[in-house]
Amino acid sequence: LCRTVPVMNFSVLPPRLWGLDKLYWSYVKLNCVDVLEIPEYPNSSGSGCYCLANHPIVRAELMGDVVRLHKKTKNLVFDLDDGTGVCSCCFWLRGNGDSDEDDDEILKLELGQLVTVRGKITVYRGQRQLTAASVRIQSII
């Protein structure tokens with residue numbers, strides 16, 4: 001399990017050096033409880049950067065079951081339950097008129113399906129969520 005470590009004894013990277021950290025550009029595998037409780041990176045001043053063992057992270061990967069699904073015209077909002085908590089996810093539909101494979105797959109999403117979601121940790125109306133860059137439905141064999 002990924003757990004956060006206090007940064008009291010570590011040196012804090014200034015924002016201009018965050019990109020040098022390997023985890024800053026990676027999709028870090030987290031649990032829903034980690035996304036909801038991870039502290040902001042010190043001195044980030046609301047930039048959407050979070051601290052995991054003194055590493056600045058902005059992207060995460062979650063896997064869980066879809067427990068709530070709300071389709072709108074421009075986006076799809078769904079809740080993901082991985083056993084540690086429930087995290088809200090938002091996928092923005094591209095809707096440019098062309099048949100987009102990602103949009104076609106995400107619109108087939110149903111309650112109870114196991115999915116892997118990659119995206120940025122964001123805050124919407126005071127609640128943390130994952131703004132999805134990609135959603136993959138996992139097939140259970």
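This is a predicted model: local features need pLDDT of at least 70, side-chain atom pairs count only at pLDDT 80 or more; totals for chains, interfaces and linings use all residues.
Start with D21. This residue lies in the segment before β1, the strand at 28–29. D21 is buried, yet it has no salt bridge. The nearest side chain of opposite charge belongs to K22, and it is 6.5 Å away. A salt bridge needs a side-chain nitrogen of Lys or Arg within 4 Å of a carboxyl oxygen of Asp or Glu. D21 does have a polar neighbour on the backbone. A polar atom of its side chain lies 2.9 Å from the backbone nitrogen of L23. Leaving aside residues up to four places away in sequence, D21 touches L13, H55 and P56.

Now turn to the aromatic rings. The structure holds 3 aromatic pairs. One of them joins W18 and Y24. Their ring centres are 6.3 Å apart, with 40 degrees between the planes, and the pair is tilted. Both W18 and Y24 are buried. Another pair joins Y24 and W25. Here the centres are 5.0 Å apart and the planes stand at 90 degrees, so this pair is edge-to-face. Why does Y24 count as buried? Its relative accessibility is 17%, and the cut-off for buried is under 20%. W25 is exposed, with a relative accessible area of 55%. The two residues of this edge-to-face pair therefore fall into separate classes: Y24 is buried, whereas W25 is exposed. Together W18, Y24, W25 and Y41 form one aromatic cluster.

V58 sits in the loop between β3 (55–57) and β4 (59–71). Is V58 buried or exposed? It is buried, with a relative accessible area of 7%. V58 and G119 are 61 residues apart in sequence, but their C-alpha atoms are 8.5 Å apart in space.

Which side chain does the side chain of E61 meet in a polar contact? The partner is R118, at 2.8 Å. The contacts of E61 include Y27, V28, K29 and L30. They also include T116, V117 and R118. Again, residues up to four places away in sequence are not counted.

T116 brings us to the strands. Strand β7 covers residues 114–124 and pairs with β8 in the antiparallel sense, over 10 bridges. Within this part of the structure, T116 stands opposite R136 in β8. How many residues lie between β7 and β8 in their hairpin? There are 2. R125 is in the turn, and it has a positive phi of about 55 degrees.

Strand β8 has another partner. It covers residues 127–137 and is joined to β6, residues 86–92, by 4 bridges. These two strands run parallel. F91 stands opposite A132 in β8.

Conventions:
Residues are numbered from 1 along each chain as its sequence is written. Side-chain values use heavy atoms; hydrogens and water are left out. Buried means under 20% relative accessible area, exposed over 50%, partly exposed in between (1.4 Å probe, protein chains only). Lys and Arg count as positive and Asp and Glu as negative; His and the chain ends are not counted. A polar contact is a pair of N or O atoms within 3.5 Å; within protein, one must be able to donate a hydrogen and the other to accept it, and residues adjacent in sequence count only if both atoms are side-chain atoms. Contact means heavy atoms within 4.5 Å. Rings of Phe, Tyr and Trp (its six-membered ring) pair if their centres lie within 6.5 Å; planes under 30 degrees apart count as stacked, over 60 as edge-to-face and the rest as tilted. Two strands pair if DSSP finds at least two bridges between them.
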